[in-house]
Amino acid sequence: MSVFDCLKRLCPPALPWVTGLLGMLATGPVLAAGYPEHPVRLIVPFAPGGSTDIVARIVAEPLARQLGQAVIVENRGGAGGAIGAAEAARAAPDGYTLSIATVSTMAVNPACHHELNYHPLHDFAPISNIARTANVLAVNPELGTEDLPEFIARLRADPDTVAFGTSGHCSVNHLAGAAFEQATDTRMIHVPFQGSGPAVVATLANQVQALFDNLPSSLGYVQSGQLRALAVAWPERLRQLPHVPTYAELGLPSLNHPVWYGLLAPAGTPPDRIRILNQAIAAVLRQPDVRQSLSLQGAMPAANRPEQFAEQIQQQYDWAREVVEAQGLAVN
């Protein structure tokens, strides 16, 4: 008989102290015999300072408290996230090496690169989605375009003169830019970086004039006026950026799709450890301070079951393959 059953049998459920104790037990550290016994490694497949890195660091410390062991964030950027994802796929399937999944690493990059040394559907054990966030189109104010119609008019008047930065070739942000060009009948110069952080820095320095980015790495610069947001991909206007319209409002509903970040283990990780990790991240995402931190970055908690997250990965992978094929973006 569990401690929960004992308490329920001994005391009326309505007693406040019983209710409070049950709540503490339900949300306290996730414990299991023998796991985890030492720190857990969390691979972020992009450079520090980008959206993926920000989300990972928001959840890493509270996840460590849930597991009772340190969660050490390691950035392994490059190749649109493929380097870090491949390293995570090759790790021992023991629950001590986890990684952050993104639409880039699990859908877009595999759709573009047919010879990657990892497979998004076969080499990982999905644990849970973590958060979803808006994608943003922002420009350096020196470009002189005040809104999206002006930006589109500039691109049509002078094709291939505006450069846009992204987190990498065949990243989700690259596809966002390519889809934008297709939807608006415009042409730009794509400049890939090793993660969103470097792409943001280059846009701030006006080395590139425009940026397609997941919102967390750009939000502070938009709010300070260092970058000018022209549109966001989100169901409605964001509370953090109420003056920025959605793509749907601007007549471009095909571009109005948020992105997500999730948690993975290598394929073959024992199911009981996947269950422990799923329960732990779900508990983390229920915490008000974590939810607030994500919200301040323009992200929303999105915990789900492993099988649900697996379905999301499959859906995004199928979508990316269609887009890449239509745009001719595959590189091998």
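Which residues are buried in α4? Ala82, Gly84, Ala85, Ala86, Glu87, Ala88 and Ala89 are. Buried here means under 20% relative accessible area, with a 1.4 Å probe and protein chains only.

A word on the model. It is predicted, so local features need pLDDT of at least 70 and side-chain atom pairs count only at pLDDT 80 or more, while totals for chains, interfaces and linings use all residues. Residues are numbered from 1 along each chain as its sequence is written, and side-chain values use heavy atoms, leaving out hydrogens and water.

Now the whole protein. There are 12 helices and 11 strands. These are DSSP runs, numbered from the N terminus: helices are H or I with at least four residues, strands E with at least two. Of the 332 residues, 53% are buried.

Back to α4, residues 82–90. Seven of its nine residues are buried, so the rest of the structure largely encloses this helix. What covers those buried residues? The cover includes β1 (40–44), β3 (97–102), α5 (103–112), β4 (124–133) and β10 (259–266). Contact means heavy atoms within 4.5 Å.

Next, a helix pair. Helix α7 (residues 172–184) packs on α12 (residues 306–327) at about 55 degrees, axes 11 Å apart. That makes α7 oblique to α12. Oblique is what remains once angles under 35 degrees (roughly parallel), over 145 (roughly antiparallel) and 65 to 115 (roughly perpendicular) are taken out. Axes are lines fitted to C-alpha atoms over the stretch in contact, and angles run from 0 to 180 degrees between N-to-C directions.

Who meets whom? Leu175, Ala178 and Gln182 in α7 meet Trp319, Val323, Val324 and Gln327 in α12.

Technical notes. Buried means under 20% relative accessible area, exposed over 50%, partly exposed in between (1.4 Å probe, protein chains only).
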